[in-house]
Amino acid sequence: MEMPRLVAFMDPSNILIAGVGGIGCAWAHQAHQKCLGSAHLVLIDADDTSFQTGEDVHILRLGHALDSVGCAALPPLAEQRMRGLSTLTNQLLQETELVVLLTGLGGGVGTGAAHEFARQARQSGAIVLAVAGLPFECQTTRMDIASEGLDRLEQTAHVTVRLSLDRLARQTRERGQLWQMGAEWIEDLVDGLVRTLMRMGLINLDLMDLRAIVDRSGEATMLVGVGRPDNPKGILEAALKAPLAAMDVGGAKGCLIQVEGGMGMTIGQVDAVADLFTSALDADAQVILGARVSEDLVDTIRVVTLLAGIRPS
Ligand SMILES: Nc1nc2c(ncn2[C@@H]2O[C@H](COP(=O)(O)OP(=O)(O)O)[C@@H](O)[C@H]2O)c(=O)[nH]1
Ligand SMILES: [Mg+2]
């Protein structure tokens with residue numbers, strides 16, 4: 001096996017966006033562009049075309065001959081190669097407190113290497129939030145491959161959000177875009193999370209709050225909504241349009257909610273949005289609320305919620 005390459009300079013920043021596999025790398029790259037400077041980026045793949053160099057990007061190359069997607073033998077090979085990089089990964093993860101892992105399941109690399117990377121990250125003490133794209137429903141072979149990778153990712157990551165490529169594609173088609181490019185939802189989610197955790201707000205949230213939520217048993221998911229301050233209902237509706245695989249969030253027992261708005265945002269507006277977003281939760285749900293003002297948001301409120309302790313439906 002050829003020597004893996006790590007193009008990197010280690011930096012003590014503690015949020016790492018990780019893309020695993022072709023789609024995962026594309027999503028991670030796009031998300032990182034949006035929150036440049038606040039998070040690091042690692043791209044993990046077997047295929048050099050996934051690697052966008054030139055900025056502060058770490059690259060973990062899993063070696064060639066892994067990229068003919070759809071072959072069931074490939075995920076174990078990718079997993080094994082990922083395991084072989086654990087020394088490099090440990091180095092990379094030394095300062096990392098939070099990993100946002102993006103991947104598309106159903107091919108070789110994402111399916112095999114994502115859960116192994118998540119395991120390594122968790123072992124080094126990081127919180128791992130994963131977003132996993134699920135194959136199109138007509139791709140039954142890929143779906144079978146994906147479901148095994150998903151099981152293992154869900155067992156490993158603190159939170160695994162299932163993203164339906166069917167729903168993603170439908171939405172991007174409505175906007176006249178290619179589905180491969182329709183990763184705005186992912187960008188907003190990652191950007192929102194990074195902002196939530198990196199910057200100080202009116203009401204501060206920190207990693208301990210996040211831990212308190214993600215350590216709950218049951219399923220977890222995340223929602224992002226953007227809209228006008230005077231229309232909290234519209235923000236919730238926008239959030240519920242996310243291309244997530246179907247999941248009933250009604251009974252969630254834990255919720256972290258970050259409300260971000262422009263200079264004129266009032267506590268009343270924060271309350272109204274938070275009330276609406278939490279109204280469907282379990283009556284005893286633990287809710288942690290954060291809010292912050294951002295000059296770049298004009299007449300807009302963005303809400304990022306992480307819901308946990310959801311009973312599997
Ligand atoms: N229809 C279609 N689906 C794709 C395409 N590329 C990726 N996918 C979907 O995305 C999943 C992951 O793909 P990819 O990230 O390229 O796989 P990996 O690099 O081997 O991990 C696949 O299982 C498919 O469901 C494509 O060009 N066409
Ligand atoms: Mg690939």
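Trainee: With which residues is Phe117 in contact, leaving aside its neighbours within four places in sequence?
Mentor: This is a predicted model, and in it Phe117 is in contact with Ala18, Val20, Ile44, Met82, Thr89 and Leu101. Contact here requires C-beta atoms within 7 Å.

Trainee: Which residues have the most contacts inside the largest nonpolar core?
Mentor: They are Ala18, Val100, Leu101, Phe117, Val128 and Ala130, in a core of 96 residues.

Trainee: Why is this core said to lie between domain 1 and domain 2?
Mentor: Because residues come to the core both from domain 1 (15-192) and from domain 2 (202-310), its place is between them.

Trainee: What makes Leu105 count as buried?
Mentor: The cut-off for buried is 20 or more other C-beta atoms within 10 Å. Leu105 has 30 C-beta neighbours inside 10 Å, so Leu105 counts as buried.

Trainee: Where does Leu105 lie, and what does Leu105 touch?
Mentor: Leu105 is in the loop between strand 4 (98-104) and helix 4. Not counting residues up to four places away in sequence, Leu105 touches Gly110, Thr111, Ala132, Gly133, Leu134, Pro135, Ala146, Gly149 and Leu150.

Trainee: Why are helix 4 and helix 5 called roughly parallel?
Mentor: The axes of helix 4 (residues 109-123) and helix 5 (residues 140-156) cross at roughly 5° and come within 8 Å. Angles under 35 degrees count as roughly parallel, and helix 4 and helix 5 are therefore given that label.

Trainee: Which residues make the contact of these two helices?
Mentor: Helix 4 contributes Gly110, Thr111, Gly112, Ala114, His115, Ala118, Arg119 and Arg122, and helix 5 contributes Ile145, Ala146, Gly149, Arg152, Leu153 and Thr156. By class, the residues of this contact are five nonpolar, six polar and three charged. Gly is placed among the polar residues in that division.

Trainee: What makes Ala283 count as exposed?
Mentor: Ala283 has 6 C-beta neighbours inside 10 Å, so Ala283 counts as exposed. Ala283 is placed in the loop between helix 10 (267-278) and strand 9 (286-293). The C-alpha atoms of Ala283 and Gly251 are 8.4 Å apart, and the two residues are 32 residues apart along the chain.

Trainee: Why is Gly250 called partly exposed?
Mentor: Partly exposed covers what falls in between the buried and exposed cut-offs. Gly250 has 13 other C-beta atoms within 10 Å and is therefore partly exposed. Gly250 sits in the loop between helix 9 (232-240) and strand 8 (254-261). Between the C-alpha atoms of Gly250 and Ala280 there are 5.1 Å, for residues 30 apart along the chain.

Trainee: Where is Gly262, and why is Gly262 partly exposed?
Mentor: Gly262 is in the loop between strand 8 and helix 10. Gly262 has 16 other C-beta atoms within 10 Å, so Gly262 is partly exposed. Gly262 touches Val293, Ser294, Leu297, Val298, Asp299 and Thr300, not counting residues up to four places away in sequence.

Trainee: How far apart are Gly262 and Asp299 in space, C-alpha to C-alpha?
Mentor: They are 6.1 Å apart, and 37 residues apart in sequence. Asp299 belongs to the loop between strand 9 and strand 10 (301-310). Asp299 has a positive phi of about 55°, although Asp299 is not a glycine. With 13 other C-beta atoms within 10 Å, Asp299 is partly exposed.

Trainee: How many helices and strands does the protein have?
Mentor: The protein has ten helices and ten strands. Of its 313 residues, 51% count as buried.

Methods
Residues numbered from 1 in each chain as written. Chains lettered and ligands numbered in written order. Predicted model: local features only at pLDDT ≥ 70, side-chain atom pairs only at ≥ 80, totals over all residues. Axes fitted to C-alpha atoms, helices over the stretch in contact; angles between N-to-C directions. Helix = DSSP H or I, 4+ residues; strand = E, 2+ residues; numbered from the N terminus. Parallel < 35°, antiparallel > 145°, perpendicular 65-115°, else oblique. Core = buried A, V, L, I, M, F, W, Y, C linked by C-beta atoms within 7 Å. Buried ≥ 20, exposed ≤ 12 C-beta atoms within 10 Å, placed from the backbone. Domains from an automatic or database assignment.
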